[in-house]
Amino acid sequence: MTELLELVGGVLLGAGAVVVVFGGVLILRMPTFYSRVHAASVNETLAPLLILLGLACFADGRFDVLVRLGLILMFLLLTSPMSSHALAKAAYRGGLPTGQYREQQRREREGRGHSEPSEEPDA
Amino acid sequence: MTLDVLAVVLMLFLLVTAWGVLRLRDLFSAAMLLGMFSLVSAALFTIFDAVDVAFTEASVGAGISTILMLATLGLTTERETSCPAWRPVPLLAVLVTGGLLIYGTLDMPSFGDPQSPVHTYLGARYLEEEPKEIGVPNVVTAVLASYRGYDTLGEATVVFAAAIGVLLLLSDRREERDRSSARALKDHLARDDARHAPAMKNRILRVSARPMIPSILLFGLYVQFHGDYGPGGGFQAGVIMAAGVVLFALVFGLERTRRTFSANLLEAMIALGVLLYGSVGVWSMLAGGNFLDYDVLLHDPKHGQHLGIVLVELGVGITVTAVMIALFLLFAARGLDDAKGDLHLENGAS
Amino acid sequence: MITVTLVAVLVCMALLVARAISGTSVFERVLAINSFGTKTVLLIALHGFLTGRPDFLDLALVYALMNFVGTIAVLRFTSYGQLVAFGSRRTDGTEPMPPARPTGDATG
């Protein structure tokens, strides 16, 4: 039973590790801001889910540890999507252009970043 | 081995983040990077087994102080003014001060030296005698609240004094007592909340923040009263509870928060906490012991110690909570004052 | 396996630090820093299990809560308009930022 549990935990942790690394790479490398938000929000919900569930398998059934892991997971699952949503919304409201990929590439190449909101997002 | 690597990597993060803070001209981003710096140092403290310190760093450094810094930036400017590249006097001052500080550390025992006074008798004394004398599982709490109760009283008083200073500088009590201007301020707060905060109109944020706020307050209470058994205590709990109230203010508006936490209530709470702390000391004197000697509070010295620690931590918690909420509300409302002109202008035009 | 995941989280944190420092707008940094906070929570949890003392999960809980409050604070103050969202403000300060446009999601 314990071996099985640890095997499951190991698999979950491994999957979590893969998700975390890919998430980090994607947050760094995705072309536009909104796509990065997407990468981050997937990363921030899936990675805690996998890793904390994996850790729960190593908790030896200790009740206090399981409760805390559950609370952390609950808070993270509640707050991470909300922060991502609020962030994307604030950026959109703040006038960060949702322009096409090439457009943004050009913008960043010209070193202007997002400093000139030339195209207003149509609300 | 793994932990050493972990610590080294985290220290590298600290260095890179600090460099980023220095490099950025955008103060807003710099404040956020400082929050990240605090997170990393809190993680380092955890790895070094200083869990209570990590708790404080996480709640104060990464939480409240970042929020207060952001609120302050709202009052000033968000760009750092560029200064001339070569200014010898400040450079000299920094070099001399830094040199003196480094010179001062030369007298300290070297890191991890087993012969240093802390390791020869003090730490061992606390660890060996604490279960017999106080019997609180978390020795750090016992040291802070009982053995070093004077120091903690001093810290609570410092927080109290600092809060009084800020209140004197920033609060508008006279204006608030004047009935009509109080209403004006209230209207102004409400209007500003409505105008400037899309966050409050965001239904998703409101719905999902609603369960968070009581959870944070409950967790703060847990940290407050579980401080005897695990990491935590009055300071951390106060900051966490204040963060819950700040979240409420951020999502539901300053005006509603003001309605619950009026200036009168906050000032009373600020004083009450320190008063409670001092009263425990006076009580122990009346019961025949020394100031802050909890042994005499109850028939059994250990029970007396437990009671004293709980009361003292409660006092610290009340003061810190009230101070943090008051600071946030003052700074946030102050930011609105500056915008008053714009608002009136706009209303006149429309 | 816990060690492997710990290393993976560290790698991700390093990438996020890079993002936070090289980001071109405030929002990029908020994104990176918020994500970094979540990774710190995971790091503390993993570290607790690695050293066999999962009692310190309280800390991870504090991190999770504070990180969220911090992010909301950043966004709230960005939407004040005093803290300008885009990279740079006019240096002479003559032109204030436009107020946030109200859109159709108001609860009313």
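Modeller: Helix α5 of chain B, residues 117–133, has a kink of about 30 degrees centred on B:G123; the bend at a residue is the angle between axes fitted to the seven residues ending there and the seven starting there. This is a predicted model, in which local features need pLDDT of at least 70 and side-chain atom pairs count only at pLDDT 80 or more, while totals for chains, interfaces and linings use all residues. Residues are numbered from 1 along each chain as its sequence is written, and chains are lettered from A and ligands numbered from 1 in the order in which they are written. Helices (H or I, at least four residues) and strands (E, at least two) are DSSP runs numbered from the N terminus.

A residue is buried with 20 or more other C-beta atoms within 10 Å of its own, exposed with 12 or fewer, and partly exposed in between, the C-beta atoms being placed from the backbone. Just after α5(B), B:G135 adopts a positive phi of about 75 degrees.

Most residues other than glycine have a negative phi. B:D49 is not a glycine, yet its phi is positive, at about 70 degrees. B:D49 sits in the loop between α2 (27–47) and α3 (51–75) of chain B, and it is exposed because 11 other C-beta atoms lie within 10 Å. B:L292, also not a glycine, has a positive phi of about 65 degrees. Its loop joins α14 (263–286) and α15 (301–349) of chain B. B:L292 counts as buried, since it has 22 C-beta neighbours inside 10 Å.

Chain B also meets a residue of chain C. C:D58, in helix α3 of chain C, is in contact with B:G230, B:P231, B:G232 and A:R68, its neighbours within four places in sequence being left aside; contact requires C-beta atoms, placed from the backbone, within 7 Å. C:D58 counts as buried because it has 23 C-beta neighbours inside 10 Å.

Chains A and C share an interface in which 49 residues of chain A contact 46 residues of chain C. On the chain A side, α3(A) gives the most, with 15 residues. That side holds 30 nonpolar, 14 polar and five charged residues, where Ala, Val, Leu, Ile, Met, Phe, Trp, Tyr, Cys and Pro count as nonpolar, Asp, Glu, Lys and Arg as charged, and the others, Gly among them, as polar.

As for confidence, the model scores ipTM 0.78 and pTM 0.81. Chain C averages a pLDDT of 72, with 71% of its residues scoring at least 70; pLDDT is the predictor's confidence in each residue, from 0 to 100. Over residues 80–108 of chain C the pLDDT is below 50, although this stretch has 49 contacts in the model beyond near neighbours in sequence.

Key
Two residues are in contact if their C-beta atoms, placed from the backbone, lie within 7 Å.
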